[in-house]
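Please open the model in your viewer and keep the selection tool at hand. The tour goes from the whole chain to its parts, and then to a single residue.

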Amino acid sequence: MRIAIIGTGYVGLVTGACLADFGHVVTCVDKDPVKIEALLAGRMPIYEPGLEDLVARNVREARLSFTAELAPAVREADAVFVAVGTPSRRGDGHADLSYVYGAAREIAVAVAGFTVVVTKSTVPVGTGDEVERIIRETRPDADIAVVSNPEFLREGAAIEDFKRPDRIVIGIEDERARAVMAEVYRPLYLNQGPLLFTQRRTSELIKYAANAFLATKITFINEMADLCEKVGANVQDVAHGIGLDKRIGSKFLHAGPGFGGSCFPKDTLALMRTGQGHGVPLRLVEAVVGVNDARKTAMARKIVSAFDGDVSGRTIALLGLTFKPNTDDMRESPSIPIVYALLDKGARIRAYDPQGMDEARKVLGEVDYRSSAYDCIDGADAAVIVTEWDEFRALDLDRVKRLLAEPRIIDLRNIYRPEEMARRGFRYESVGRRAVN
Ligand code: NAD
């Protein structure tokens with residue numbers, strides 16, 4: 001099959017590279033010429049494990065190409081995937097659909113022959129109807145079927161997730177699209193793949209419902225963590241104890257600094273707005289959004305209170321800046337409000353992140369970036385573990401203690417054990433576990 005992907009970001013590039021790897025002929029389009037130039041030169045515009053090799057192999061084998069010109073790619077395609085951004089609209093939290101609708105207009109002008117237009121971006125219920133209306137208005141003669149096919153991959157494990165998904169949700173209104181979509185995903189499976197065909201609006205809502213549910217799980221365990229700290233319980237044991245119940249499941253029960261990233265914050269907000277817009281207040285989702293927002297400032301307060309309320313003039317070393325490990329994505333990372341709150345209180349911030357420092361420079365203020373974890377903590381008054389990158393999980397604690405001006409660690413990811421840290425002479429704080437000092 002010939003496939004065009006519009007938008008070559010985290011989702012578009014991974015989708016394109018994986019579909020090419022399974023034998024389709026894929027053209028990835030992006031309107032950002034810098035991204036396309038980088039890709040044509042063999043450089044990845046994002047960090048995602050395994051992506052560079054996957055892209056290089058499929059480019060070499062002539063199944064994957066990149067262009068800034070949408071029209072020729074769309075004209076030749078059997079299926080056109082729209083994977084452009086849908087950020088929060090400034091001010092009101094609705095999903096900003098201007099990129100999706102802009103892409104729809106461009107596709108409409110270029111499309112030739114029967115073409116399935118697939119919305120991979122996360123879009124509110126009814127967006128597919130509007131995409132179809134735009135294309136039909138722009139090109140009344142266009143022979144198209146507009147499909148919803150939300151993406152569930154996780155950054156940091158995107159290739160594996162795309163190639164071996166739990167399910168592939170496909171929302172169709174035109175039966176002709178069923179065979180095309182089945183053929184797009186057929187090479188991923190020897191037997192029948194986990195394809196779930198449904199209506200387009202249902203498919204659009206499945207994506208938001210899934211993200212809101214996962215965000216709720218995280219927020220729930222974070223609230224339990226707060227309670228654990230007050231009552232002297234251990235949130236990791238609580239998570240383990242409830243997670244062994246198969247009706248609950250152990251995933252997404254890690255207490256921490258609150259969810260961030262390019263999806264959960266904006267998607268919970270957009271779902272909340274959709275509910276309000278239809279007169280169906282989603283009170284649970286609203287609570288999740290509110291609790292998670294409050295958590296970001298609470299984390300900064302936690303760090304300040306480790307200094308008995310005064311961080312002015314103190315040097316604080318942040319280990320990890322991205323919203324989770326194995327990505328360079330800084331969007332809505334919990335590190336951002338933490339940095340600003342600490343700077344505001346007069347602290348000096350040092351930081352190290354294995355992959356995120358280029359992105360971090362674009363969003364953070366006065367930060368002294370260091371080239372390794374040990375360089376970062378050298379002479380600092382505290383180390384704060386913000387992101388649980390592998391390389392922070394087994395630090396040489398004797399060296400850490402020697403390097404820190406004061407042996408103070410605030411571990412927002414619960415990597416280390418309070419008893420062990422106390423034994424080693426650290427002043428150690430974590431999330432939802434009693435400090436043992
Ligand atoms: P991104 O910002 O990394 O990439 C979007 C790309 O689209 C940009 O490179 C931009 O230049 C390009 N673009 C915008 N308009 C265009 C146009 N008219 N023609 C060509 N290119 C255009 O975004 P992302 O993180 O890949 O997310 C894309 C969508 O997928 C969003 O709706 C997001 O919610 C959803 N999603 C993201 C993830 C994730 O982990 N990042 C997971 C699941 C779903």
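What follows is a series of selections, each with a short account of what is there.

Before selecting anything, note that this is a predicted model, in which local features need pLDDT of at least 70 and side-chain atom pairs count only at pLDDT 80 or more, while totals for chains, interfaces and linings use all residues. Residues are numbered from 1 along each chain as its sequence is written.

**Select the whole protein.** Shown as a cartoon, the protein has 17 helices and 14 strands, where helices (H or I, at least four residues) and strands (E, at least two) are DSSP runs, numbered from the N terminus. The C-alpha atoms fill a box of roughly 70 × 50 × 45 Å, taken along the principal axes. Of the 437 residues, 48% count as buried, that is, with 20 or more other C-beta atoms, placed from the backbone, within 10 Å of their own, whereas 12 or fewer makes a residue exposed and a count in between partly exposed.

**Select 2–198, then 211–429.** These are domain 1 and domain 2 in the domain assignment, and such bounds come from an automatic or database assignment. Their C-alpha centres lie 33 Å apart. How many residues of domain 1 are in contact with domain 2? There are 16, and they touch 14 residues of domain 2, a contact being two C-beta atoms, placed from the backbone, within 7 Å. On the domain 1 side there are eight nonpolar, five polar and three charged residues; Ala, Val, Leu, Ile, Met, Phe, Trp, Tyr, Cys and Pro count as nonpolar, Asp, Glu, Lys and Arg as charged, and the others, Gly among them, as polar.

**Select the ligand and its surroundings.** The ligand is surrounded by 28 residues, of which Gly7, Gly9, Val11, Ser121 and Thr122 are the closest; a residue is near the ligand if its C-beta atom, placed from the backbone, lies within 6 Å. Helix H1 (10–21) and helix H5 (98–110) each supply at least two residues of this shell, and H5 gives the largest share, four residues. By class, the shell has 11 nonpolar, 10 polar and seven charged residues.

**Select glutamate 420.** This residue lies in helix H17 (residues 418–423). Is glutamate 420 buried or exposed? Glutamate 420 is exposed, because 12 other C-beta atoms lie within 10 Å.
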